[in-house]
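This report goes from the whole fold down to single contacts. Please keep the sequence and the 3D view open side by side.

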Amino acid sequence: MPSVRSTRVTQDPPGLYSPLLPTVVVASYKGGAGKTALAVPIAERLAFAGLRVLLMTCDTQEDARFRLGVTRADGAIATRNYGSGSVSVAGIRGEKVIDVLYRK
């Protein structure tokens, strides 16, 4: 398994919390900016590299689930395998995402 190293820009103030796992966030306040179009291929490439990826989608459309071939019948959390890695996708809303990442 490849090593993952967290980096911060030197000008960034220190965070209040540290994620429990290596984390990539794709976010924007604007709709239609390409967040899902970017997040899904990143998750798939990491899975093809042998990693287990949790993709949390916060939008009500749940387009990320659709792009991964997940249907409503697959349940709230569904997993797709990519070689030795996998992508688990979950639709989570609001502050619950922060709770999952930081176990507040």
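## Ground rules

A residue is called buried when its relative accessible area is under 20%, exposed when that area is over 50%, and partly exposed in between, using a 1.4 Å probe and protein chains only. By that rule, 25% of the 104 residues in the protein are buried.

The model is predicted, so local features need pLDDT of at least 70 and side-chain atom pairs count only at pLDDT 80 or more, while totals for chains, interfaces and linings use all residues. Residues are numbered from 1 along each chain as its sequence is written, and side-chain values use heavy atoms, with hydrogens and water left out.

## Overall fold

The protein has three helices and three strands. Their order along the sequence is α-β-α-β-β-α. Helices here are DSSP runs of H or I with at least four residues, strands are runs of E with at least two, and both are numbered from the N terminus.

Contact means heavy atoms within 4.5 Å. Take the contacts with a separation of 6 or more: 55% of them join residues 24 or more positions apart. The accessible surface comes to about 8100 Å². Carbon and sulfur atoms hold 55% of that surface. Areas were computed by the Shrake-Rupley method with a 1.4 Å probe, and for residues only the protein chains shown count as cover.

## The nonpolar core

A nonpolar core is a set of buried Ala, Val, Leu, Ile, Met, Phe, Trp, Tyr and Cys residues joined through side-chain atoms within 4.5 Å. The largest one here has 14 residues. Leu-55, Leu-68 and Val-87 have the most contacts inside it. Elements giving two or more residues to this core are H1, S1, strand S2 (77-82) and strand S3 (85-91). H1 provides the largest share, four residues.

Which residues does Leu-68 touch, leaving aside those up to four places away in sequence? They are Val-40, Glu-44, Leu-55, Arg-80, Tyr-82, Val-87 and Val-89.

## Two buried residues in touch: Thr-57 and Arg-65

Thr-57 sits in strand S1 (residues 52-57). At 5% relative accessible area, Thr-57 is buried. Beyond residues up to four places away in sequence, Thr-57 touches Glu-62, Ala-64, Arg-65, Val-89, Ala-90, Gly-91, Ile-92 and Arg-93.

Arg-65 belongs to helix H2 (residues 63-67). Is Arg-65 buried or exposed? Arg-65 counts as buried because its relative accessible area is 6%. Its side chain reaches the backbone oxygen of Ala-76 at 2.9 Å. A polar atom of the Arg-65 side chain also lies 3.4 Å from the backbone oxygen of Thr-71. Such a polar contact is a pair of N or O atoms within 3.5 Å; within protein, one must be able to donate a hydrogen and the other to accept it, and residues adjacent in sequence count only if both atoms are side-chain atoms.

With residues up to four places away set aside, the partners touched by Arg-65 include Thr-57, Val-70, Gly-75, Ile-77 and Val-89. Arg-65 and Ile-77 are 12 residues apart along the chain, with 9.4 Å between their C-alpha atoms.

## Salt bridges

Side chains of opposite charge can pair when their charged atoms come close. A salt bridge puts a side-chain nitrogen of Lys or Arg within 4 Å of a carboxyl oxygen of Asp or Glu. The whole structure has two.

Arg-67 pairs with Asp-63, with the closest N and O atoms 2.8 Å apart. Both lie in helix H2, four residues apart, about one turn of the helix. Arg-67 is partly exposed at 46%, and Asp-63 is partly exposed at 24%. The other bridge joins Arg-80 and Asp-74 at 2.9 Å, N to O. Arg-80 is partly exposed at 24%; Asp-74 is partly exposed at 35%.

## Before helix H1

Thr-23 is in the segment before H1. It is partly exposed, at 36%. Thr-23 and Leu-54 are 31 residues apart in sequence, yet their C-alpha atoms are 9.5 Å apart in space.

Val-24 is also found before helix H1 (35-48). Val-24 is exposed, with a relative accessible area of 62%. Val-24, Leu-38, Ile-42 and Leu-46 make up a nonpolar surface patch with about 330 Å² of accessible area together. Patches are built from residues with over 30% relative accessible area and no salt bridge; like charges are joined within 9 Å, and nonpolar side chains (Val, Leu, Ile, Met, Phe, Trp, Tyr) within 5 Å.
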